[in-house]
Amino acid sequence: MFLSPPKQGEQPGKKKRKTELQPPPKKRESKRESQSEEERIQKARDYEGKERARAFIPAWLDQFPWLRFDKEKNEMFCEPCRHFPSISDKTCSLYKGNSTFRKTLLDCHDPSKKQEMCAAAAQAKIAGENSVVARILRGLSKMQDELRAGMSNLFHVAYFVVKSERPFADFPVLVDLNRRTGAKMPLCYHHDKACARFFVDIYQFIYDPILAEVKSARFFSVMIDGATDKAILEQEIVYVRYLDSTKRPKNVFFSIEHVKRANAKGLYALIMGAFARGRVDDWKKRLVGFGADGAAVNFGKDNGVQALLKRDIAYLIALHCVAHRAERGLVDSLKELDKLKALHQNLKWLYKHYKFSPKALHELRLVADALEEKVLKPTNLAGARFLPYIHKANKIVCESYAVFVTYFQDLLSTDRRPKPSPKVRGRAYRILTFLMDYDNVLFSYFMRDTFEALSELSLNFQKDSLTVCDAVEALETCSLKLVDLQFEPTEGMQEVIDAVSETGLFRGTKLKYVNEGQILFLRKKVIDVLIKHLEKRFQDLQKGSVPSKCAIFNPSQWPSDRQELAAYGKQDFADICEHYQPLMDEHSVTTKMLKSEFILYKSYAAARTLRMPQIFSGILCDTERCKQYKGLSILFEVYLVLAVNTAVCERGFSCMKRVKNDWRSCLGTEQLSRLMFSSIEGPSMDNFDAAGAVEKWWTSGNRARRPGFNPWQKEQEQEIRDDLYEDLVLMDQEAEQEENVRQEAIFDELGLEAENVAAGDKRLAEALDDSDESDIDESDIDTFLKDH
């Protein structure tokens with residue numbers, strides 16, 4: 001045997017271990033192990049779906065009597081479950097229809113509780129109303145009706161909490177109160193968390209129909225405004241204006257959004273997010289108007305929100321709120337008229353004097369009681385509705401003039417103790433000096449009538465049904481009223497003039513600096529300045545803009561001559577058609593069609609005495625007229641939904657302040673939006689029907705609702721049984737102890753008597769032994785026995 005020479009690094013004569021000679025062979029991976037888990041799952045799915053084609057086996061119909069097979073759709077289903085959807089499990093594939101054809105699915109569905117109930121219902125239907133199963137089902141239905149009535153009562157209480165803007169914590173108290181009055185209430189869902197859960201379904205029940213109306217509307221406008229809530233978070237409110245089923249404008253609260261960036265791009269993204277959450281995908285195709293206040297972020301020419309919207313919607317009409325315009329017109333007049341500015345300043349001092357001093361307000365009312373007059377607390381001049389506020393403040397001073405003068409005279413009296421502070425005395429001196437000036441008194445009464453006309457204008461501008469022509473008409477009416485005040489003294493001014501000329505006093509006060517000519521000259525100047533600034537603010541609605549040109553559809557402005565009427569408004573109508581040309585192209589309407597329809601509209605509207613919005617609504621409600629005015633009906637609807645004012649946004653913020661108060665400042669934006677929507681758009685308590693909301697709650701959960709089920713009922717019953725058992729055991733033990741004591745007492749008594757008898761017998765025996773029987777009488781024996 002020849003040995004091979006040692007290799008390099010090995011010692012001769014030594015044998016290497018087997019493990020050192022070569023590594024262990026690697027285990028060969030099988031084909032199954034080399035595949036990943038995902039690949040195996042996907043391969044199994046492909047095999048089941050493509051390679052292995054499953055088919056329905058007719059023998060299953062005999063094995064499962066409830067099974068049916070639809071050859072056209074190639075699916076199997078459970079017939080009883082489809083016939084009774086209120087009982088069955090709607091999430092089961094055999095209810096919808098199954099095409100996988102697995103027997104394991106049938107084996108699982110056959111013993112299920114839902115299937116058994118549906119089968120029992122089907123059997124009862126076949127057997128008739130007199131069957132036992134039918135009577136049981138009628139009993140179950142009656143029990144469900146009682147439970148549904150109780151749940152409806154709970155939902156009515158929950159809706160009252162939301163509608164009255166109360167916290168959810170009031171829900172348990174109101175439920176207990178209703179139960180005390182005899183209302184049927186379930187034994188569960190009595191806590192505030194249940195109220196919050198019910199509110200989600202109530203909100204969805206109210207929100208879905210309104211959202212459906214918005215989605216079905218052909219055109220709409222959006223209105224936005226911003227404010228800060230109690231949590232010092234900036235919120236932006238969004239309203240939508242569209243035509244309802246009667247083709248009348250309707251403003252609807254859409255949502256309230258938290259403002260992350262208060263610039264134009266941030267607000268634009270906020271509007272897009274609001275429509276995205278409402279699932280209104282094609283909102284840009286139907287948006288025709290935009291309304292907001294006059295902030296630069298909204299109406300910036302190049303980078304405002306309206307500019308960003310017009311990049312996508314060329315025919316969009318953006319309108320500054322007319323109520324805010326009227327307010328800004330008066331502010332502009334204050335800067336130009338010193339007399340009006342002085343009146344405004346003194347009204348502010350009056351408000352501050354009584355706002356921060358309950359003592360001053362109490363003394364004012366004491367003075368009014370002494371003079372036998374009524375007085376109201378001076379109000380603030382600032383607010384969302386500026387003109388009605390300042391009108392009310394000035395009206396209070398004019399009606400309670402004598403009370404205010406008497407109070408400030410007493411406040412400045414040298415006999416008053418303690419004396420007010422120098423600051424209070426200085427303010428009182430300025431107010432009293434203003435009130436005792438003859439010109440100022442005449443001017444205050446003149447402005448009372450002037451503010452009344454402006455306040456009426458502002459209230460008209462705040463109507464939800466306002467249109468562009470209505471706004472222009474209201475402005476023209478106000479201008480005529482103001483011009484009329486220039487020529488003759490108002491009723492209040494005439495009262496002051498007559499009183500001073502007769503007695504030299506006005507309501508017991510001697511006025512100073514009598515100079516009637518100056519105030520008459522100033523009256524004309526005030527009216528001219530007010531009209532000038534109002535017309536400046538509303539010049540785009542009066543002339544030049546597309547909304548102002550819509551006045552050609554107003555029959556009240558048409559000429560009476562037929563030839564002039566035929567040529568009336570041609571150029572303005574051409575400008576309107578040019579502006580809305582992209583919109584007309586989308587609806588396949590040509591300019592020629594519009595011109596012929598405009599002539600037809602003139603003949604139709606000239607014979608009617610209705611207002612223009614009423615004529616438009618009448619045409620839109622008539623199907624035949626809409627077909628006749630295919631192009632004009634688009635213009636009519638666009639005109640009616642234009643957002644002329646945003647007063648509804650200010651009312652929305654008033655609701656926000658009531659809902660998100662100091663005690664609920666942690667409300668999230670989503671929950672705040674739901675609460676505000678239910679409070680603003682929800683029906684009244686008399687018109688709210690909780691049946692629909694209960695049905696939505698019953699079917700909206702992932703699991704079946706069980707309002708009558710108490711998961712701790714068995715444990716409670718077992719505890720009661722255990723307690724009863726313990727009581728019985730204790731009672732048994734006590735009874736046994738009493739019986740033992742009684743028996744021991746009896747045994748003791750019997751033992752004593754036995755001892756006495758034994759002692760008597762012993763003594764008797766001894767007596768018998770000592771004497772002879774002849775000496776003993778039977779009567780003695782009887783006497784002895786009786787004694788012992």
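**Exercise 1. Determine which residues Glu257 touches, leaving out residues up to four places away in sequence, and whether Glu257 is buried or exposed.**

Solution. 
Step 1. Take contact as heavy atoms within 4.5 Å. Not counting residues up to four places away in sequence, Glu257 touches Glu234, Gln235, Glu236, Leu270, Ala274, Arg277 and Thr669.
Step 2. This is a predicted model, in which local features need pLDDT of at least 70, side-chain atom pairs count only at pLDDT 80 or more, and totals for chains, interfaces and linings use all residues. Residues are numbered from 1 along each chain as its sequence is written, and side-chain values use heavy atoms, with hydrogens and water left out.
Step 3. Glu257 sits in strand E5. Helices (H or I, at least four residues) and strands (E, at least two) are DSSP runs, numbered from the N terminus.
Step 4. Apply the accessibility classes: buried is under 20% relative accessible area, exposed over 50%, and partly exposed in between (1.4 Å probe, protein chains only). Glu257 has 10% relative accessibility and therefore counts as buried.
Step 5. The side chains of Glu257 and Ser255 are joined by a polar contact of 2.9 Å. A polar contact is a pair of N or O atoms within 3.5 Å; within protein, one must be able to donate a hydrogen and the other to accept it, and residues adjacent in sequence count only if both atoms are side-chain atoms.

**Exercise 2. Describe the sheet that contains strand E5, and the helix that lies across E5.**

Solution. 
Step 1. The order of the 5 strands is E5-E4-E3-E6-E7, in an open sheet with mixed pairing. Two strands pair if DSSP finds at least two bridges between them.
Step 2. Strand E5 (249–258) and strand E7 (317–320) are the edge strands, each pairing on one side only.
Step 3. On average, neighbouring strands of this sheet are turned by 20° against each other, direction ignored. Axes are lines fitted to C-alpha atoms, for helices over the stretch in contact, and angles run from 0 to 180 degrees between N-to-C directions.
Step 4. Strand E6 (residues 287–292) pairs with E7 in the parallel sense over 4 bridges. Gly289 stands opposite Ile317 in E7.
Step 5. Helix H12 (residues 264–277) lies across strand E3 (220–228), strand E4 (234–243), E5 and E6, and runs at about 110° to E5.

**Exercise 3. State how many helices and strands the chain has, and what share of its residues is buried.**

Solution. 
Step 1. The chain has 39 helices and 9 strands.
Step 2. Of the 788 residues in the chain, 40% are buried.
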